[in-house]
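Colleague: I am new to this structure, and I would like to learn how to read a few of its features with you. Could we go through them one at a time, with the general idea before the case?

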Amino acid sequence: MDNKRIVIFDTTLRDGEQAPGCSLGPAQKLQVAEQLYRLGVDVIEGGFPVSSLGDMEAVKTIAKSVGRLPDAPEICGLARCVKGDIEACAEAVKPARRPRIHVVIATSDIHLKHKLHMTRDQVVERAVESVKFARRFAGSVEFSAEDSARSDIHFLARIFEAVIDAGATTINVPDTTGYALPWEYGELIRRLIEMVPNVHKVVVSTHCHDDLGLSVANSLEAAKNGARQIECAVNGLGERAGNTCLEEVVMALRTRQDLFGLTTGIRTKEIAKTSRLVSKLTGVMVPPNKAIVGANAFAHSSGIHQDGILKFRQTYEIMNPEDVGVEESTLLLTSRSGRHALANRLKHLGYKLNKKQLEEMIVRFKALADKKRYVFDDDLLALVEEKGTNLKDDFVLEYLNASSGTGVVPTATIRIRKADGHVVQEAACGDGPVDAATNAIDKVTGFKPKLIDYNLHAITSGKDAQGEVTVRLEESGLTILGRGASTDIVEASAKAYLNAINKLMVAKRTRRKGR
Ligand SMILES: [Zn+2]
């Protein structure tokens, strides 16, 4: 293989799935594997076949389907250096066009003494036997020296040389506990490549954990020092603090190609979709500030940054969001956002406002932004839509004050501007603040419609979400639907109610004309 090409070994379905609370069934694993294929990973580690029937079935299913597609990735399963493990793994990966068996045994003294109760000689012997046995079933055999980062480098060099002679095609140097620092880990890779005489026959691999938040940095340092396979997981899932994050390591290599000069086969435009799918299926949420795939990864909030981005994107962006499958950068609209950002966002949503309309919109936008920290697209749509219907309305709500509480009769005062410009004020009481407000509206409009249906739901996100009220009214033989949105429920209700009345007025006029 091209010496500048990094093999992306995805272990979302094995190490990633070992993360607390994110176990996946065979059907879900297949769904992820299909997306990993579209993403263009080189190796899919589908599971640990001997560990459960589910994993056996999952790896087998992936091998049978994804493993047989054109340009299929290698389908891999994990096995300890135990005959039964290797046999189970061999059976699971067999249907794939390019099966890989990944055998692992620990090499650090801590693991030898406290876990395996084996001597170094015994470990080498077992590793060699296992690699030879695995090679009977697969042309591609990876050998992992678990806890490499805490192993004696001379022993590592010895065992790697032996397994390469036994037929291993990839040697993996895991920092199983996430203990290594970048320069230390890079040095380990560099020295191993120097010390293992037959290393040129194989691909040297990294497998890092994020216990100190360094897994991506360590993997990059390894690549810089000659490693040509990076093991990683989507969204950085994995044991404890997780694995090297696929999207971060891939985008770091790509964004700083000038320094690495290395490539991967990843179709980066599939990254966002892959991340969302994995998050959905595992139930593990991606934090908003997460690099590359967090909701805020391409969101700009400050007015200065927004202005810069609109003038020239690279002022505050090192990656093009479209390259990772994010539609475009988000300029988070806040009360600090200027008209440039607002107009731009509205245009994107399909609304071209003239200067006067925009001025009006800004006033309403600022009022909402003061109440709500962030104004999202759906907030804007709610604002525009409301404006759209208000333009020709017979009744426009100008003021509303409702009060209620224990031992207080719910009352509402309302001020409504009529089509002829007259402003009418009324007050009423009711069973609750919403009832009081609609009663006051009735006094102004002269209608007494029957409320058939009332629905309230949050239309935007957060505690300060806008609520949308939908009402269905019956009056003069007509059933009319009204909608209103506000951060205040009573106001949303009054707006919905008035919206229905306004529609009723239009309907009545149309009916009269029709006669
Ligand atoms: Zn691991």
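Predicted model: local features only at pLDDT ≥ 70, side-chain atom pairs only at ≥ 80, totals over all residues.

Colleague: What should I look for in the phi of His117?

Modeller: The general idea is that most residues other than glycine have a negative phi. His117 is not a glycine, and yet its phi is positive, at about 50°. Asn235 also has a positive phi, in this case of about 60°, although Asn235 is not a glycine either.

Colleague: Where does Asn235 lie, and is Asn235 buried or exposed?

Modeller: Asn235 is found in the loop between strand S8 (229-232) and helix H9 (246-255). With a relative accessibility of 13%, Asn235 counts as buried, because the cut-off for buried is under 20%.

Colleague: Let us turn to the cysteines. How many disulfides does the structure hold?

Modeller: In general, a disulfide is a covalent bond that joins the sulfur atoms of two cysteines. The structure holds zero disulfides. Cys89, for instance, takes part in none, and the cysteine sulfur nearest to its own, that of Cys76, is 6.3 Å away, whereas a disulfide needs the two sulfur atoms within 2.5 Å. Cys89 counts as buried, because its relative accessibility is 0%. Cys245 is likewise in no disulfide, and the nearest cysteine sulfur, which belongs to Cys232, lies 8.1 Å away. Cys245 counts as buried too, because its relative accessibility is 4%.

Colleague: How do I read a pocket, and how much space lies in the second largest pocket?

Modeller: The general idea is that rolling a probe the size of a water molecule over the atoms shows where empty space is left. In the second largest pocket there is about 520 Å³ of space. The lining of this pocket is made up of 26 residues, and those closest to its centre are Arg14, Val104, Lys115, Glu146 and Thr176.

Colleague: Which element gives the most to the lining of the second largest pocket?

Modeller: That element is S4, which gives four residues to the lining. The elements that give two or more residues include strand S3 (74-80), strand S4 (99-106) and H4. By residue kind, the lining of the second largest pocket divides into 10 nonpolar, eight polar and eight charged residues.

Note on methods:
Residues numbered from 1 in each chain as written. Heavy atoms only, no water. Buried < 20%, exposed > 50% of the residue type's maximum accessible area, 1.4 Å probe, protein only. 1 Å grid on protein atoms, 1.4 Å probe; cavity = no way out; pocket = protein on both sides within 12 Å on 5 of 7 lines; lining within 4 Å. Points joined across faces, edges and corners; volume = space filled by probe spheres on them. Nonpolar A, V, L, I, M, F, W, Y, C, P; charged D, E, K, R; others polar.
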